[in-house]
Amino acid sequence: MADLSIDLAGIKSPNPFWLASAPPTNSGYQVQRAFEAGWGGAVWKTLGDPILNVSSRFASVGFNGQRVAGFNNIELITDRPLEVNLKEIYETKKRFPNHAIIASVMVEPHQDKWHEIIKRIEDVGVDGYELNFGCPHGMAERGMGAASGQVPELVEKQTYWAKEAASKPVIVKLTPNITDITVTAEAAIRGGADAISMINTINSLAGVDIHSWNTIPHVGGKGAHGGYCGPAVKPIALNMVAECARNPLINVPISGIGGISNWKDTVEFLLMGSTGVQICTAAMHHGFRIVEDMIDGLSNYLDEKGISSVMDIVGKSVPRYSDWGNLDLNYKVVARINNDVCINCNKCHIACEDTSHQCIDMLKDPSGNSFLRVREEDCVGCNLCSIVCPVDGAIDMIELASDLPPMTWNERQAFLGNIGNESVDFVK
Amino acid sequence: MSMTSPLKDGLAMNFQEVERGLTPREALEESNRCLYCYDAPCIQACPTGIDIPSFIKKIASGNFKGSAKTIMTANPVGASCARVCPTEELCEGACVLNHSTKPIMIGNLQRYSTDWAIQNKQALFKAGKKNGKKVAIVGSGPAGLSAARELALLGYSVTIFEAEKNPGGLNTYGIVSFRLPQSISYWEVDQVKSLDVEIKTNTRVGVDVSATQLTTDYDAVILAIGMSGVPKLGIEGEDLAEVYDAIDFVKATKTEAITDKFVGKKMAVIGAGNTAIDAATCSVRLGAEQVGIIYRRTQKEMTAYDFEYEFAKQEGVGFHWLTNPSRIISDSNGQVTGIECVKMVLSEAGGDGRRRPVPISGSEFVIPVDGVIRAIGQSRYVGLIEQFGIEHDGGVVTLDGDSYKTSNEKVFACGDVIFGKGQGEAMVVSAAQQGKKTAYEIDRILMSEAVDIA
């Protein structure tokens, strides 16, 4: 069995599955139940000056009858006194010394505030800190969370202040509510961050009740934006992780967060540069026991691939992620339909006909049976038909040998630039 | 007023609809499973051409009214068909998911939408602007109702003549309540009535109003009279009191208080079509202790749908294959005590392409029974057809080519009255489609006449 333990900037945990700072890590009771269920670590629900919460806090975004494709919340940081949380962290760490406990922290952007809270937490035995610069709702209105996380200078300064007081690794959790996350990631690193984690939730309004016209969720008939997470945000999170991972200026470990629901999602985040993952929505949807399959599935995957340690796959796909200008313009794939597998729903035909390149024909064989065929010469290899096809194996995207050598847009532009001073009208 | 008793109440419960409808969650999940095929084979397989992927998509989106309207537009008896169609031979049999997972429950989803419309008292259609033309329809069964609905939408003044006390024909009187409650049939009738269609019930054409009067008073007449009772077996003892016509037998369970006179009795049903199954399962639900279907051919040749056969077996109905009744035996009081049968063997195919059963001499045996139900097909309203003076072949109205025109240019025919002799289909859904097409044909003819005159 492969070694699933990870070391993220010196924080060790028996497996890469941590509970993210969120409702599941609100108390010692919950975190201990999670560790019993198999979770490798937990980022405690954000500590700070206790706040007041509202009633009616979460909302689910469904898709085609499935619940929790996305998840939205307007809950704030911990509403329990700091000393209660610290006592429970202490007890939990004592019971589970090999599991990672990270204290999520959020205070006003003042040096003394950061020093004060870090010093109070230091003694209870946490393995590290996660600075919450990402919470997009409520706290942001008070100049904390995403409000400070959107200002690179504040990210840098606060990280620096936390580091001044901390003896344990400091992870900076970044907000996705920003144009380019690498800018704040770099700021965190300038401030001395030992690691970064992403993404926090995305500004969201889960929905509007079309009958009452209230927002979803609403608090007595009034709503406010919340933070969006769950499976729907995974591609956004994965891209942000990947952009940071391939940025040479961002050279600290990444804790991946955002829509991770199972071991496969986890492998994807690890391949794209996460050293471990943090999970919340999946646990809120199904309970702590879902980690069993995450551990089991990851372990079987690594064994099957002959990989002895989960750390060995971290970042393995990062070199394959680049800019559009570095993609080969002469690479070509086309769709091919396997008529023995195809069930003739014609979804590929209508998708291609109406919305892509009109190259899938509906034909009849000599006995009058319907079949579909791709006109490969007109196929641009967009993948749409294979995406809408409901049957696995009915449409393959086939790589065609090219007569031309690989040529990227950047190479092409460089080549054209080298031709000389002749003016070329690219529009033509 | 009939006495009620716990026993009778219990028996009456047996005639409540068997299948419960889908729950909202089931409907949501099942509708989302539909692939929404392009040029979907289920549409081709539906005799009325319901746009099935669209009505299912509308369930998924929560547009139940639109869904019900999509169904009822194509099929004016779509709520009944949701319950009685042999879906595995039609839409569900054509579903592409048969080739990958399992077919969509199209019938159940259709029921879900139409049930929604019924429960929410939705009016789905409005009568068309009157065009001054009048059409008489004889019979208010699926074909007649369907024709009436389409004609009313097109602006015709439609009058339906119905011999029975209530409209609906087969759907009201002929299909067992535990498959199709009368309320469903009545809702479909009300949908048609709401388009200013007049239905004259208790009005038997040929008795209360003459055929000639209809052809004189109306611009067109549609004969949608279906079929009549079950013919006689032609064997000794069949005039005894406990020998029943299956059509009447089923009808009684839908029009009279549920009787307890069959409790503990042994019943034999002659024939193996869908009506035979209905009579047999009704007998079981009326408390009969033993019910056997007697059929002179084998399971392979029987005309009942597979799902009906399965249902009958589940209900505990027994089957005597290759068995033909030769005599109904009674005691000195005229009480049926048994049915004498002879074993059969299949010989070569006859004129209808089916292997002809021939008796094995000396194989007679007696099945002890308390009652016998005839279900060997239905006879025809030959007298009425002849009153219209139109051509027919043994009660099957002869049509002009592919049309629904009879030999009288003002008289059209659709539904079971044209079924048989290699013509038509006996399904409710086919009758509905024929009704629609008959309406369009009449419209084409009368409107072109109108243009000619102008």
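Predicted model: local features only at pLDDT ≥ 70, side-chain atom pairs only at ≥ 80, totals over all residues.
What distance separates the centres of domain 1 of chain B and domain 3 of chain B? Taken over C-alpha atoms, the separation is 34 Å. Residues are numbered from 1 along each chain as its sequence is written, while chains are lettered from A and ligands numbered from 1 in the order in which they are written.

Begin by selecting chain B, whose mean pLDDT is 95, with 99% of its residues at 70 or more. Then colour its domains, whose bounds come from an automatic or database domain assignment: domain 1 (19–119), domain 2 (134–228 + 380–453) and domain 3 (243–374). Of the 454 residues of chain B, 48% are buried, that is, 20 or more other C-beta atoms, placed from the backbone, lie within 10 Å of the residue's own.

Next, select Ile222(B), Leu223(B) and Val269(B), which touch the most other members of the largest nonpolar core, a group of 148 residues. Such a core is a set of buried Ala, Val, Leu, Ile, Met, Phe, Trp, Tyr and Cys residues joined through C-beta atoms within 7 Å. Helix α17 (residues 428–453) of chain B contributes the most to this core, with seven residues; helices are DSSP runs (H or I, at least four residues), numbered from the N terminus.

Apart from this core lies another, of 91 residues; to find it, select Ile6(A), Val170(A), Val233(A) and Ile279(A), which are among its members.

Key. Buried ≥ 20, exposed ≤ 12 C-beta atoms within 10 Å, placed from the backbone. pLDDT = per-residue confidence, 0-100. Helix = DSSP H or I, 4+ residues; strand = E, 2+ residues; numbered from the N terminus.
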